[in-house]
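Me: I am new to reading protein structures. Can you take me through one, feature by feature?

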Amino acid sequence: MSNNAQAIAELKSLLGDRLSTAESVLNLHGDNETYYDLMPPDAVAFPNNTAEVSEIVKICHAHGCPVIPWGVGTSLEGHALPIRGGVTIDMINMNKLLNVAAEDLYVVVQPGITREELNTELRATGLFFPVDPGANATIGGMTATSASGTTTVRYGKMKDNVMALEVVLADGRIIRTGSRAKKSSAGYDLTRLFVGSEGTLGIITEITLKLHGQPEAISAAVCEFPDTASAVNSVIMAVQMGLPVARMEYVDPMSIKAINAYSHMSMKETHHLFMEFHGSDASVAETADRMKDIAEDMGGGGFQYATKAEDRTKLWHARHNAYFAMKAQKPGTDGISTDVCVPISKLAQAMDDTIADVEAHGWQAPIVGHVGDGNYHVLFLFDRKNESELNLAKELTSRMNLRALELGGTVTGEHGIGIGKMKYLQAEHGEAVNIMADLKRTFDPTGIMNPGKIVNVN
């Protein structure tokens with residue numbers, strides 16, 4: 001009997017029906033949103049609490065069996081794929097809101113709760129959790145990948161909003177990091193080490209998050225632009241002026257066409273900025289008017305406001321569904337959805353160079369971006385059966401990554417490293433990658449924690 005099989009036999013005794021080896025369940029947890037082949041685990045465990053996670057990990061540790069945490073599987077760089085087999089730990093049953101401290105502006109949750117579920121639970125408190133990656137991801141998955149998204153320009157990313165964690169280590173020990181105080185100078189910042197570690201250092205079982213008050217007023221706006229540069233330069237000017245914009249999204253003409261068809265909208269097929277403003281009635285109106293002036297000075301027009309909740313919801317629902325809208329334009333294709341992030345002053349150059357590179361190869365690739373913080377995404381759609389198309393998509397992605405590094409940026413602003421971007425980590429961080437590998441060995445000396453991701457450890 002193999003080591004993995006021995007571990008699974010013991011886990012069956014511990015969990016009973018909450019350990020599955022059914023083919024359909026394994027395939028669900030071996031699939032992904034990108035072009036990687038199906039990689040099913042040997043088994044899937046469904047723990048109910050931290051103590052069970054600890055026992056699962058102890059058993060796997062004893063047998064050298066890999067463990068891979070799973071949220072809802074939205075990661076785009078193969079983070080949750082069990083490339084060496086083992087046991088996937090699905091957090092679906094650990095989805096409770098444990099405590100809301102409204103007076104101290106924090107909430108304690110289990111990792112399986114999704115961001116939409118969380119905000120629904122918080123609605124009566126007048127508070128909300130702002131990080132919005134688009135997909136209805138789990139809080140655990142968002143923490144593990146250091147997610148950000150449309151609201152980062154105003155509220156920050158996960159690392160700015162996670163106060164404390166409970167984590168199960170590779171040998172089954174349970175530790176707590178951080179505190180519920182607003183700040184601390186006590187020791188190493190282990191909280192931010194685990195945020196973004198993609199399950200390679202430990203399994204997150206509880207998260208304490210900062211909350212924010214619901215704004216008194218919210219207004220959305222859409223503005224059209226003749227080209228990429230005028231839209232991006234409007235963003236740069238607004239950021240450099242310190243304009244308090246809550247969301248600032250660039251959407252290119254290809255994406256607008258797809259969104260119109262998919263979400264039944266009728267926007268002009270040109271470059272757009274989608275924006276949102278939070279604050280008091282007076283401050284929101286003032287910020288929107290200043291943004292309108294900036295956009296018009298840069299050649300923008302057709303500035304439209306949306307103050308009704310249903311209109312804003314429709315706009316952002318369409319933006320969040322852009323990925324599916326774009327895939328619907330080419331049915332049957334697979335996609336590489338990749339992101340980079342550059343200093344805001346280099347954003348227009350980075351995007352223009354990417355567009356020119358794609359067009360020089362006779363391709364078109366839709367671009368959207370959380371451009372208020374210099375982050376943009378490109379979707380390369382291709383026929384999986386066409387090897388030359390896949391290779392071209394990979395080449396264009398590689399040049400996009402290297403271009404971002406040349407401009408002082410990063411190969412990923414929010415998707416993370418996973419499998420897909422491991423080969424660029426050395427170029428971005430140099431000798432620091434060896435320190436990352438040392439940390440991996442310290443926390444996971446037997447190499448069972450989501451192996452083969454972020455850094456290679458011999």
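Reply: Start with burial: a residue is buried under 20% relative accessible area, exposed over 50%, and partly exposed in between, using a 1.4 Å probe and protein chains only. Helices (H or I, at least four residues) and strands (E, at least two) are DSSP runs, numbered from the N terminus. This is a predicted model, where local features need pLDDT of at least 70, side-chain atom pairs count only at pLDDT 80 or more, and totals for chains, interfaces and linings use all residues. Residues are numbered from 1 along each chain as its sequence is written, and side-chain values use heavy atoms, with hydrogens and water left out.

Me: Which residues of helix 10 are buried?

Reply: Helix 10 spans residues 253-263, and its buried residues are Ser255, Ile256, Ala258, Ile259, Asn260 and Ser263.

Me: What covers the buried residues of helix 10?

Reply: Think in contacts, meaning heavy atoms within 4.5 Å. The cover includes strand 13 (245-251), strand 14 (271-279), helix 12 (309-320), helix 13 (322-328) and strand 17 (367-370).

Me: Where do the buried residues of helix 4 fall, seen down its axis?

Reply: First, the residues: in helix 4 (115-122), Arg115, Leu118 and Leu122 are buried. They fall within an arc of 60 degrees, so they line one face of the helix. The arc is that of the directions from the helix axis to the C-beta atoms. Among the elements that cover these buried residues are strand 5 (97-101), strand 6 (106-109) and strand 10 (203-210).

Me: Which residues is Val107 in contact with, leaving aside its neighbours within four places in sequence?

Reply: Val107 sits in strand 6. Its relative accessible area is 0%, so Val107 is buried. Its contacts beyond those neighbours are Leu97, Asn99, Val100, Leu118, Leu122, Ile207, Thr208, Leu209 and Leu211. Now compare sequence and space: Val107 and Met163 are 56 residues apart in sequence and 9.6 Å apart in space, C-alpha to C-alpha.

Me: How do I read a positive phi?

Reply: Most residues other than glycine have a negative phi. Ser146 has a positive one, near 55 degrees. Ser146 lies in the loop between helix 5 and helix 6 (152-155). At 12% relative accessibility, Ser146 counts as buried. Ile454 has a positive phi of about 65 degrees and is not a glycine. Find Ile454 in the segment after helix 17 (432-443). Its relative accessible area is 13%, so Ile454 is buried. His264, which follows helix 10, has a positive phi near 55 degrees.

Me: How many disulfides are there?

Reply: A disulfide is a pair of cysteine sulfur atoms within 2.5 Å. By this rule the count is zero. Take Cys60: the nearest cysteine sulfur belongs to Cys65 and is 4.2 Å away. Cys60 is buried, at 0% relative accessible area. Cys341 is buried too, at 17%.

Me: How do I find empty space?

Reply: Rolling a probe the size of a water molecule over the atoms shows where empty space is left. Grid points are joined across faces, edges and corners, and a volume is the space filled by probe spheres set on the points.

Me: What volume does the largest pocket have?

Reply: About 1000 Å³. Of the 49 residues that line the largest pocket, Thr74, Ser75, Leu76, Ala135 and Ala137 are the closest to its centre. For classes, Ala, Val, Leu, Ile, Met, Phe, Trp, Tyr, Cys and Pro count as nonpolar, Asp, Glu, Lys and Arg as charged, and the others, Gly among them, as polar. The lining of the largest pocket has 23 nonpolar, 22 polar and four charged residues.

Me: Which helix gives the most to the lining of the second largest pocket?

Reply: Helix 12, with six residues. The second largest pocket has a volume of about 820 Å³. Its lining divides into eight nonpolar, ten polar and seven charged residues.

Me: Which residues line the largest cavity?

Reply: Asp31, Asn32, Trp70, Gly73, Ser75, Gly78, Ala80 and Leu81 do. The largest cavity holds about 40 Å³ of space.

Notes:
1 Å grid on protein atoms, 1.4 Å probe; cavity = no way out; pocket = protein on both sides within 12 Å on 5 of 7 lines; lining within 4 Å.
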